[in-house]
Amino acid sequence: MLDDLFDHLEHLRDQPVWRPIPAEMRARRRTDLPTAPGALAEVHETFLGEVLPYLGGNLHPGFMGWVQGAGTPVGMLAEMLAGGLNANCGGRDHMPIAVEQEVTGWARQMFGFPPEAAGLFVTGASMANFIGVLGARQKALGAAVRDKGLAASGGGELVAYASAGAHNCVPRAMEMAGLGREALRLIPVDDHHRIRLDALRERLAADRAAGLRPFLIVGNAGTVDAGAIDDLTGLADIAAAEDCWLHIDGAYGALGMLTPAVAPKLVGIERADSIAFDFHKWGQAPYDAGYILARDGARLRETFAADVHYLAREHRGLAGGDFWPCDYGPDLSRGFRALKVWFTLKVLGADAIGASIARSCALGRALGEQIAASPALELMAPVQLNIVCFRYRCADPDRINTDIVADLQEAGRVAPSLTRIGGQIAIRAALFNHRTDARDLDALVRSVVALGDAAVRSSAA
């Protein structure tokens, strides 16, 4: 089985990035519950013929569609080991939790956080951002919020702030925290898609004058559309002056701390109260490996810890241990997510991950230069990290560029995605795959121009 996967990885360029699932193949996934034993070899053959060929494509060097890492063989092997151990990392005294704490120590070092900071593996940055909102809510309302909910506010409505480029998981976190989307102020952005600090200050002042209670500011370290990094130092200054919790959504960009090519853009992140990021994006660990790091570990514990008899701590035995992850997040049943990150960093090294990050940014700049040099194409946003937004120039750009992306995905050589910049459709090339190189950029540019030219000729016929 391992040989089959290694062969698959070795020959990725010989396969399409993505292929549609045939109707008859999809129909084979509608079956009755298996009640009798089956042969492992037969199930594996079904996997090879009916699952492996129809993946999402993020392993392939031509995948540029979304902000997804490509994994590594090291991480794949670590996942196998973690599955064999079948550790429940909710709590108690065993080595998998100590390994997770070791990774937390590395994260503290990476971001310049103090020894009392606490960290936790979660599914992804969506959950990490939610935990950040809950930590901020706990700080604003105190312990009573866990019993009384928002009634603990005493009538002072809490409001939060993020840029208009914030990921949808941020307003969704506000929903899940019981605060509602309307309590999140989406602040306008500048020409580089960074939050406008002047507009943020104005909205804070207006809300305070209206009797509202600002409690949270969310900064971006790599927006999903344009790769923008907010002025984190400016946000930290405002958060300190306004007594707001500063949370950074660094889903992919925060790991730029591993390379001098990006780290200077992240100055100020070390002043955050919490940071959300994913090791499964720029960190190239297998899914899923999200992470939340909180400056004040005690505050995070106050947000989640529960005094119940079945989670009682003892001074001796298996129920000992000084750190139970279930005290710092919503999950009690937790897999050994830390192992694949531990293996990845110990085998490859942080410098190699940083070099991969720098290379993806260099590819982004190179693609931006190719687009700028082509009369048929136009950049839709400045290239800041490794996400490039552009389109084919024509009289009907939204329709034609939408068709171009669908045609590219179905052709299987390169697979970008679509987004909107300034309300207009843009082709988005998100260059996160460590296997992507100049050949893939050339194929993207040539294919977009060829498909666009063909669509214009067809429309004129």
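A salt bridge here means a side-chain nitrogen of Lys or Arg within 4 Å of a carboxyl oxygen of Asp or Glu. Keep in mind that this is a predicted model. How many salt bridges does the structure hold? The count is 26. I will take three of them, then a network.

Start with E79 and K340. Their side chains meet in a salt bridge, at 3.3 Å from N to O. Where do the two residues sit? E79 is in helix α4, residues 73-85. K340 is in helix α12, residues 338-348. They are 261 residues apart, so this pair links distant parts of the chain. Is K340 buried or exposed? K340 has a relative accessible area of 3%, and under 20% counts as buried, so K340 is buried. E79 has 30%, which falls between 20% and 50%, so E79 is partly exposed.

Next, E378 and R393. They form a salt bridge too, with the closest N and O atoms 3.8 Å apart. E378 lies in strand β8, residues 377-379. R393 is in the loop between β9 (387-392) and α14 (397-411). The pair therefore ties together parts that are 15 residues apart in sequence. E378 counts as buried, at 18% relative accessibility. R393 counts as partly exposed, at 44%.

Third, R439 and D437. The closest N and O atoms of this salt bridge are 2.6 Å apart. D437 is buried, with a relative accessible area of 16%. R439, at 49%, counts as partly exposed.

Now the network. Which residues does it link? R13, R413, D437, R439 and D440 are joined by salt bridges. So D437 and R439 come up again, as members of this network.

Last topic: helix packing. Two packed helices are described by the angle between their axes and the distance between the axes. Our pair is α13, residues 350-373, and α15, residues 438-460. They pack at an angle of about 30°, and their axes are 10 Å apart. An angle under 35 degrees counts as roughly parallel, so α13 is roughly parallel to α15. The crossing of α13 past α15 is right-handed.

Which residues make the contact? From α13, they are L363, A366, L367 and Q370. From α15, they are A438, L441, D442, L444 and V445. By type, the residues of this contact divide into seven nonpolar, one polar and one charged.

Methods
Residues are numbered from 1 along each chain as its sequence is written. This is a predicted model: local features need pLDDT of at least 70, side-chain atom pairs count only at pLDDT 80 or more; totals for chains, interfaces and linings use all residues. Side-chain values use heavy atoms; hydrogens and water are left out. Axes are lines fitted to C-alpha atoms, for helices over the stretch in contact, and angles run from 0 to 180 degrees between N-to-C directions. Helices (H or I, at least four residues) and strands (E, at least two) are DSSP runs, numbered from the N terminus. Angles under 35 degrees count as roughly parallel, over 145 as roughly antiparallel, 65 to 115 as roughly perpendicular and the rest as oblique. A crossing is left-handed if the near helix is turned anticlockwise from the far one by less than a right angle, and right-handed if clockwise. Contact means heavy atoms within 4.5 Å. Ala, Val, Leu, Ile, Met, Phe, Trp, Tyr, Cys and Pro count as nonpolar, Asp, Glu, Lys and Arg as charged, and the others, Gly among them, as polar. Buried means under 20% relative accessible area, exposed over 50%, partly exposed in between (1.4 Å probe, protein chains only).
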